[in-house]
Structures are given as structure tokens and as C-alpha cells.
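My notes follow in the order I took them.

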Amino acid sequence: MQAAILGDGPFGRAVADALAAHGVAVRVAGRPATGAHDRGTFAGVDVVVDASRGDAVLANVAAAVGGGVRRFAIATTAWDADRHDVADLLRARGAAAVAASNFSPGALVFARLVEMAARQAARLPGYEPYVVEWHRHGKVDRPSGTARDLARRIIAADPARDRVSSPTGGPAQPGALEVVAVRAGTNPGRHLVGFDGPGETIELTLTARDRSACAAGVVAATDWLLAEPRPAGLHSFEAVLDVGDRTEVTAAS
Ligand SMILES: NC(=O)c1ccc[n+]([C@@H]2O[C@H](COP(=O)([O-])OP(=O)(O)OC[C@H]3O[C@@H](n4cnc5c(N)ncnc54)[C@H](OP(=O)(O)O)[C@@H]3O)[C@@H](O)[C@H]2O)c1
């Protein structure tokens with residue numbers, strides 16, 4: 001089995017180590033000097049993992065399908081603007097991709113807990129949600145893809161919120177969900193979702209101690225893609241790891 005990792009940053013290297021430990025032959029490619037990866041990058045490659053930059057995803061997927069690749073795990077964040085084009089390209093070429101802003105198994109459970117808490121807090125008077133995330137100094141995008149996904153889920157669950165706060169300063173705006181990003185040091189990723197209510201605060205936290213949980217999730221996604229042919233197009237990480245349906249999560253609370 002051969003994998004190509006597009007992206008030679010800390011996460012691409014963590015995924016490469018995890019796949020190699022899983023018995024997969026791995027090659028890692030960074031930003032191509034010519035602006036696009038050539039066909040040779042994909043010779044004999046069964047699956048491509050994208051861990052590059054948001055603005056590179058569409059071109060990377062296009063180069064890889066052109067090179068014959070039909071299986072992708074897209075871990076890169078901040079490519080929302082190209083999502084439709086990537087999905088169309090995958091479908092047109094009969095290729096399947098698992099895409100997630102956070103491949104950690106814990107992030108799946110965390111997202112479900114946040115949805116449930118947001119739904120319930122929205123029914124109480126005066127409980128206001130907020131999201132804070134911390135990442136290393138050098139992270140390119142903010143807020144993180146995980147924070148944006150959590151914000152989307154909170155807004156969907158809370159009729160009083162319709163948008164994320166804009167970073168222009170001034171007082172909090174009614175209807176805007178406060179989302180704050182901190183960039184400092186070497187933090188591999190921490191997400192906190194809070195609900196500030198009268199006389200009390202509820203806080204839920206997901207803390208990555210290193211990149212291993214996300215890398216393990218990418219390995220699970222590549223296994224899922226290689227196990228059998230998957231329908232062409234984009235798949236969520238929830239298709240790979242079954243943590244129970246939403247009714248079970250709600251009933252167990
Ligand atoms: N889904 C998850 O679970 C998860 C977990 C961790 C990180 N991530 C995401 O994964 C991505 C990579 O993370 P990171 O921390 O390693 O980021 P990073 O430090 O920014 O590294 C990205 C690397 O990719 C290179 N690159 C740029 N364009 C490329 C291209 N077309 N093909 C191949 N490589 C290219 C960059 O080179 P230049 O410096 O020259 O641009 C850089 O070396 C980010 O989007 C991050 O948010 C996702």
C-alpha cells in the first residue's frame with residue numbers, strides 16, 4: 001500500500017509517521033516548485049492525504065486525480081470556498097474523499113456534546129454560548145476549522161444566533177456567536193465551548209496533547225477508503241467512525 005502526503009508541515013509529518021507505523025509506504029511532498037504537483041508524485045499511489053494549505057487543496061486534488069488517484073483524506077482546513085469545486089471534481093472523476101477539519105475521534109464525540117448542550121442551553125433564559133480556541137503561533141488560519149465547525153453546529157442549534165462575531169472590536173452584537181482564536185507557543189490545539197448563564201458557567205473542553213489522535217483518525221479514514229470502493233464525492237469522518245446515532249447520544253445524557 002502506498003500513500004502520498006501533500007504537505008510537509010508538522011501535521012503532514014505526523015500523518016506520515018502514523019501511516020508508516022501502520023505498514024503503509026509513504027512519500028511526503030511539500031509545496032511544488034513549479035506551482036503544481038507532477039504526475040510522478042502519484043505513480044503507484046493508492047491514497048493521497050492532503051495536509052497542506054487551504055488555498056492549495058483544489059489544485060492538489062486536481063493534480064492527483066489527473067495522476068490516477070481515486071482515494072483522498074483531506075485534513076487541510078480553510079478551503080470552504082472551493083468545497084463545491086472539489087466535490088464536483090471528485091464526482092466527475094469517480095473519486096472518493098473523506099474530509100474533516102478535525103480527524104480526532106474525540107472531536108466527533110465533542111461535536112455531538114456541543115450540539116446537545118447548545119440545544120438545551122438555548123431553551124434556558126440568559127445562557128449565551130461562546131467558543132475559544134488555542135493553537136501554536138505559526139498556525140495559518142483563524143479561527144480553526146474545528147472552531148468554525150463547532151460554531152456552525154451551535155448556530156444551527158440556537159435560534160437566537162445567526163452568525164459568528166466579526167473581529168472588528170466593540171461590544172458583543174446581539175445574535176452573534178463570540179468566537180476567539182489565540183495563537184501562541186506550540187499548542188497543538190485546544191477548543192473550549194462555554195455557555196455563560198445567570199450565576200454560572202458551563203464549559204466543555206477538547207484538548208489535544210499532541211497530533212497523534214488526529215493522525216490516527218487519518219489512518220482510520222485511509223483504511224476505510226481502501227477497504228472497499230466508496231461512492232464518488234466527499235464523505236464526512238462520521239462515515240468512518242461510528243460513535244452512535246444522535247438519538248443514542250441524547251438518550252444517554
Ligand atoms: N483535520 C485535522 O485533524 C487536522 C489536524 C492538524 C492540522 N490540520 C490542518 O492540516 C494542515 C496542515 O497542518 P500543519 O500544521 O502541518 O500546517 P503548516 O505548518 O502550515 O504546513 C503546511 C505545509 O504544506 C506546504 N504546502 C503549501 N502548499 C502545498 C502544496 N500545494 N502541496 C503540498 N504542500 C504544500 C506548506 O509549505 P509553505 O510553507 O511553503 O506554504 C507547509 O510546509 C492545516 O490546514 C491544518 O489546519 C488538520
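Predicted model: local features only at pLDDT ≥ 70, side-chain atom pairs only at ≥ 80, totals over all residues.

**Sheet**

As a reminder to myself, strands of a sheet pair through backbone hydrogen bonds, either parallel or antiparallel.

Next I checked how E9 and E10 pair. Strand E9 (residues 190-197) runs antiparallel to E10, and the two share eight bridges. For Arg190 I noted Thr207 in E10 as the bridge partner.

**Helix H4**

I then checked its length. At 1.5 Å a residue, the 17 residues of H4 should span 24 Å, and the end C-alpha atoms are 25 Å apart, which agrees. The buried residues of H4 include Ala107, Leu108, Ala111, Val114 and Ala118. Arg112 is also buried. I recalled that an α-helix has 3.6 residues a turn, so residues three or four places apart point the same way.

**Helix H5**

I repeated the length check on H5. Its 13 residues reach 19 Å from the first C-alpha to the last, close to the 18 Å expected at 1.5 Å a residue. Among its buried residues are Gly145, Arg148, Leu150 and Ile154. The buried residues of H5 pack against H4, E6, E7, strand E8 (176-183) and E9.

**Ligand shell**

How many residues surround the ligand? I noted 28, the closest being Gly9, Phe11, Ser52, Ala56 and Cys214. Helix H1 (residues 10-21) gives the largest share of this shell, with three residues. By type, the shell divides into twelve nonpolar, twelve polar and four charged residues.

Most residues other than glycine have a negative phi, and most peptide bonds are trans. I looked up two exceptions.

Arg142 and Pro143 are joined by a cis peptide bond, with omega at about -10°. Pro143 sits in the loop between E6 and helix H5 (145-157).

Ala78 is not a glycine, yet its phi is positive, at about 65°. I placed Ala78 in the loop between strand E4 (71-74) and helix H3 (83-92). Is Ala78 buried or partly exposed? I counted 18 other C-beta atoms within 10 Å of Ala78, so it is partly exposed; buried would need 20 or more.

Note on methods. Residues numbered from 1 in each chain as written. Pairing = 2+ DSSP bridges. Helix = DSSP H or I, 4+ residues; strand = E, 2+ residues; numbered from the N terminus. Expected span 1.5 Å × (residues − 1). Buried ≥ 20, exposed ≤ 12 C-beta atoms within 10 Å, placed from the backbone. Near = placed C-beta within 6 Å. Nonpolar A, V, L, I, M, F, W, Y, C, P; charged D, E, K, R; others polar. Contact = placed C-beta atoms within 7 Å.
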